[in-house]
Amino acid sequence: MTTKSLRVLVLTTSTRPGALGPAVGAWLTDTLAPVAKELDVDLVPVAVGDLDLPFLDEEEHPSTGVHRHEHTRRWSRIVAEADGFVFVTPEYNYGMPATLKNALDYLGPEWAWKPAGFVSYGHTSAGTRAVQHAKQVVTTLRLVPLGSTVAIRITDAMRDDRFTPDARHAEAAEGLLAELVRVAHALTPMREPRHADAMPGPLPGSYVRPLGPDDAAEVTVLQRCCWLEEALVNDTLGIPALHETLEDVRAWLAEWDVMGLWRDGRLLGMVRTRRDGDDLHVGRLAVVPDLRGLGVGRWLLALAESAAEGCRRVLLTTGAASHRNLAVYQRQGYAVLPDPRDDGAVDLGKVVTP
């Protein structure tokens, strides 16, 4: 699971002057603040009225991701950065407000594979018909509507002209957020391949993308399972990859250029590079044990070497007793460097061909 906090957009959809929507949205974010902290969720309140979205005025289809107007590009960034949504909606004539439909219609891929919860309010139906209407639309956008909802009858929630819902509404809201978090994490494998920097990997359904500090948890797990065998072969536990803390991993993920190979939300392998003068240093080349022998390591090594343009040589290190690793590297043109080390490791180098 990623160490990045989930970003949940709380979208107040009504723009009618004097509407109850802002009060409902404020109540919701205030009520959920303690639970959001426990669940590691960032609640981001947004009002449709503040987005300045006219009726859809883009020439290209939303699925293309081509946005000509700045208001669309801004909206696209807001939605793309979110991991899930809570729509605060009234019911207008048995349906959702046109402002929500319009905001949904502006975008396409930005919505996909993210959970959508609903907090509705109204009179007789407590806004539930608006939610049913909206669910038909959001599923078409590949949003995943939650089963949990919060439905508030206005007459039951007003006290002396103030919006004051019952405790049961707060409990329902907490249940909705808890379900949203579970679904958001479950849908992560579906969202991952849509990463802006992702490109196809060597295995069917796999993809490679840059890794950063938010990926420290997955990287730590990968290192522990991959370098245990190295520790046994080299008869030492003095291997940094085995005892680095999450903070240690976050630190070097911020300093090195790191690429990770993923499939279905699982980190299968990685490699890191860093330039030092005329040298390109390659390290932490790792492949999960169950996929070794399929050429994944060689593919990752070649990917790392593609960053060597303008360098004189590529350098890497492995354990002195890691005979399998040494054989692989030597077949790829690496030679053991003459200067010995006293830490049980050997350095290898490869001259870059212009």
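Which residues of α10 are buried? The model is a predicted one, in which local features need pLDDT of at least 70 and side-chain atom pairs count only at pLDDT 80 or more, while totals for chains, interfaces and linings use all residues. Residues are numbered from 1 along each chain as its sequence is written, and side-chain values use heavy atoms, with hydrogens and water left out.

The buried residues of α10 are Val-249, Trp-252 and Leu-253. Buried stands for under 20% relative accessible area, exposed for over 50%, and partly exposed for values in between, with a 1.4 Å probe and protein chains only. Helices (H or I, at least four residues) and strands (E, at least two) are DSSP runs, numbered from the N terminus. The arc is that of the directions from the helix axis to the C-beta atoms. An α-helix has 3.6 residues a turn, so residues three or four places apart point the same way. On the face of α10 turned away from its buried side lie the exposed residues Glu-247, Ala-254 and Glu-255. The cover over the buried residues of α10 includes α8, β10 (257-263), β11 (266-276) and β12 (279-287), where contact means heavy atoms within 4.5 Å.

Helix α8 (residues 216-234) packs against helix α10 (residues 246-255) at an angle of about 110 degrees, with their axes 9 Å apart. Axes are lines fitted to C-alpha atoms, for helices over the stretch in contact, and angles run from 0 to 180 degrees between N-to-C directions. α8 and α10 are therefore roughly perpendicular to each other, a term for angles of 65 to 115 degrees. From α8, Ala-216, Ala-217, Val-219, Thr-220 and Gln-223 make the contact; from α10, Leu-246, Val-249, Arg-250, Trp-252 and Leu-253 do. Seven of the residues in this contact are nonpolar, two polar and one charged.

**Helix α2**

In helix α2 (residues 70-80), the buried residues are His-71, Thr-72, Trp-75, Ser-76 and Val-79. They cover an arc of only 135 degrees around the axis, which puts them on the same side of α2. Among the elements covering them are β1 (6-12), β3 (84-90) and α3 (98-105).

**Exposed loop residues**

| Residue | Loop | Relative accessibility |
|---|---|---|
| Asn-93 | between β3 and α3 | 78% |
| Tyr-94 | between β3 and α3 | 58% |
| Asp-235 | between α8 and α9 (240-243) | 72% |

Tyr-94 has a phi near 70 degrees, a positive value in a residue other than glycine. Asp-235, also not a glycine, has a positive phi near 55 degrees.

**The chain as a whole**

Asn-93 and Val-328 are 235 residues apart in sequence and 69 Å apart in space, C-alpha to C-alpha. The protein chain has twelve helices and 15 strands. Its radius of gyration is 26 Å, well over the 20 Å that the globule rule gives for 354 residues, so the chain is more spread out than a compact globule. That radius is taken over C-alpha atoms, and the globule rule is 2.2 Å times the number of residues to the power 0.38. The C-alpha trace spans about 85 × 45 × 35 Å along its principal axes. Of the 354 residues, 47% are buried.

Methods: Parallel < 35°, antiparallel > 145°, perpendicular 65-115°, else oblique. Nonpolar A, V, L, I, M, F, W, Y, C, P; charged D, E, K, R; others polar.
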